[in-house]
Each structure stands twice: as C-alpha cells, then as structure tokens.
Amino acid sequence: MSSVHFLFVVFIVMLSLVLMLATIVLIYNIIEYNRSVRRAGWSEVINKKISDVIVYADDEIPEDIYFKALAVNAAFRNLFLEKLVDSEKKFSGVAKNKITDLFTEYDLRKEAMKKLNQKKAYLIARGIRELTVMQVQDAIPKIEQYLSHPSPQVYHEAQYAMVRFKGFEGLHFLDNFPTRISEWQQLRFLLSISSLPADSEVGISRWLESTNDTVVIFTLKLIKKFQLLYAYPNVIRLLNTTSNEVRVKAVQTLMSLENPETVQYLSGIYYDQPDEVRIEIIRVMKMSKDQCCIDLLKKELLKDVPSGIKVNAAQALYELGHGDYLVELAGKEDMSEELVQIIKYALQEKGC
C-alpha cells in the first residue's frame, strides 16, 4: 500500500506541475496577445498622427488630447520613436522636416539617449540609429565612444553615425581599424559622403597603405566615386600587394580614372599577375577600345591557360573589332574543340 500511496503522491505532484506550467503559458500568451493588440492600436494612432502632420498645415490639425495622454507612456513613446525613424527614411523635404519637428516636440531624444546606457547591444545600436536619423548633433561625443565597442552591431552603427554627421571627416576611425568592413557598410559610407575636403589627400594616401584590405578597398571606391586623379600612382603600387582582391579592385579603379597609359601599363605587368587579376585586366582591355593589347589577347587565346581567361580574351577581341579573326580561327581544322566552343560562345553572346 505504501508504494501505491507514493505513486499517487507523485502523480498528484506531477499533475500539479503540469497544471502550473499550463497556467503560466496561458497567462503569458494572454499578456503577449494583449500587448500585441495594444501595439497594433497604438500603431494606428501614431500612423494617423504622422500622416496628419505631413498632409495638413499646423493650424488645420485639431488638438489631440488622447495622443497627448498616450505620449507620457514609456512604451508608447518608444513605439512612436520607432515609427518616426522608419517614416523619416521614406520622405524628404518639408515632410521630412515635419517628422523631425515631431521628434523635437515630444522630446523623444530622451528615449534614444537612454538606450545608449543599456547593456544589450541591440538596444545601444537602436539608440545610435535613432539619434543619427534624427540628426541629434549633441549626441556625437557619446556615440563616438562606441566606435571601439566589442559588438559589431554597435560599432557598425557608431561608424555610420560618424559619417552621417561629419561626412569624410567622420572616417577618422579608418586610421587604425582592425576588423573587416562589410560591402553593405562600405556602401552606406559611400552614399553618406557627398563631397571631400581640400585636405582629403592625406587621409586617402594613409588608408591606401592600411594593413586592413577592406579599408584599402573602400578607399579605392572613394577614389573611383570622386575621380581622384592624384591617387593614380598610389593605386598602381597596389598591384604589387599580396591580396588578389585588392589587386582586382585596383585594376577596376585604374580603368575608372581614364588615363590613356593604363592599358599599356597593365599589358606590361599582365604576366606578373595571378589568373584572377589577369581576367580583370582583360576586362579592362575589352572596355578600353585600345588596340595596343591585341597581340596579348591573341596569345592568351591560343595558350594553355584557364578557360576563364580564354573566354574573356575572345570577348575582348570581338569588342575590339576582331570578330573576323575569331571566325577564321574557329574554322581551322587543327583547333581544339574547347577553343572552338569558347569562340562560338563569345560570338553567340554578341549576337553573331
């Protein structure tokens, strides 16, 4: 009987635990549902407020007592701030200014600044983003402290903030930046820089000598965007670096600078480069319309080299006006099947 009694007690305890867990889950779901419903309702109120402010003049908007009452709630204010930041990206001109005015009128700077003192990285990053979008200039010193934060999510936002606030001057962190800059981050920087200061050459030259390949690559993109012709000799020197990725980007940058000596120079160093860079040089030759490289292209087409080089050489010869040569070459009986197929591919691609 004692064992039966023990099992009964165990059963009751287990049943109680199951019921307790079920109750907790039910309560949690009810709370989350109510929170979701409340957030949806608040979103409608906020969206209407933003819409009214953008569409109507100030004297046409009646006083909204309900909105003002909600605006003292911390959760509502954070949602309001989130909506303003999202809306700011979609508008420009007067509409954008009105959104910024709402941010100032309801003193939402406080909510954004509070996030910078949080421990969670995603909250800090969100605060930096909000302050950046709303152009809160006096937050710059505080944001600058996060450039060396251990979380990429945080220091990425801090970097972008510096560039948004200061333009080219905000790139000073590149002087000693050890980690990789993603393609997306580089694009954000480039879109945020509309002009270069008179003394930009010093920074450009320094970053081209960086040991961080992504810093060098980003600098090459800057050179390309702003057509910095003075950087031409420095870019040429990068063709001796150990990184193939940097070499490829250097070749692309040289082409964009439109120096008449580029193709001849690249032809001279062609055989000193790895295959990946050779392919990029051939692409430059194809776009250049410069006939000085024809002999090199013909040799590459006939040599025992990777098919990628042969394909690009054939395409370049066609673009440079030597389609007849390709047709004649493909018709020879002693040509390999691979070469014939490569030539046919190049010709078909060009609609021949």
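A buried residue and its helical surroundings

Modeller: Glu88 counts as buried because its relative accessibility is 6% (buried means under 20% relative accessible area, exposed over 50%, partly exposed in between, with a 1.4 Å probe and protein chains only). This is a predicted model, in which local features need pLDDT of at least 70 and side-chain atom pairs count only at pLDDT 80 or more, while totals for chains, interfaces and linings use all residues. Residues are numbered from 1 along each chain as its sequence is written, and side-chain values use heavy atoms, leaving out hydrogens and water.

Glu88 lies in helix H3, residues 74–88 (helices are DSSP runs of H or I, at least four residues, numbered from the N terminus). Its side chain makes a polar contact, at 3.1 Å, with the side chain of Lys96 (a pair of N or O atoms within 3.5 Å, one able to donate a hydrogen and the other to accept it; residues adjacent in sequence count only if both atoms are side-chain atoms). Leaving aside residues up to four places away in sequence, Glu88 touches Lys96, Ile99, Val133 and Met134 (contact means heavy atoms within 4.5 Å).

Val133 also belongs to helix H6, where it is among the residues that meet H8. The axes of H6 (residues 121–133) and H8 come within 8 Å and cross at roughly 10° (axes are lines fitted to C-alpha atoms over the stretch in contact, with angles from 0 to 180 degrees between N-to-C directions). H6 is therefore roughly parallel to H8, a term for angles under 35 degrees. On the H8 side, the partners include Gln153, Glu157 and Phe165.

Conventions: Helices (H or I, at least four residues) and strands (E, at least two) are DSSP runs, numbered from the N terminus. Angles under 35 degrees count as roughly parallel, over 145 as roughly antiparallel, 65 to 115 as roughly perpendicular and the rest as oblique.
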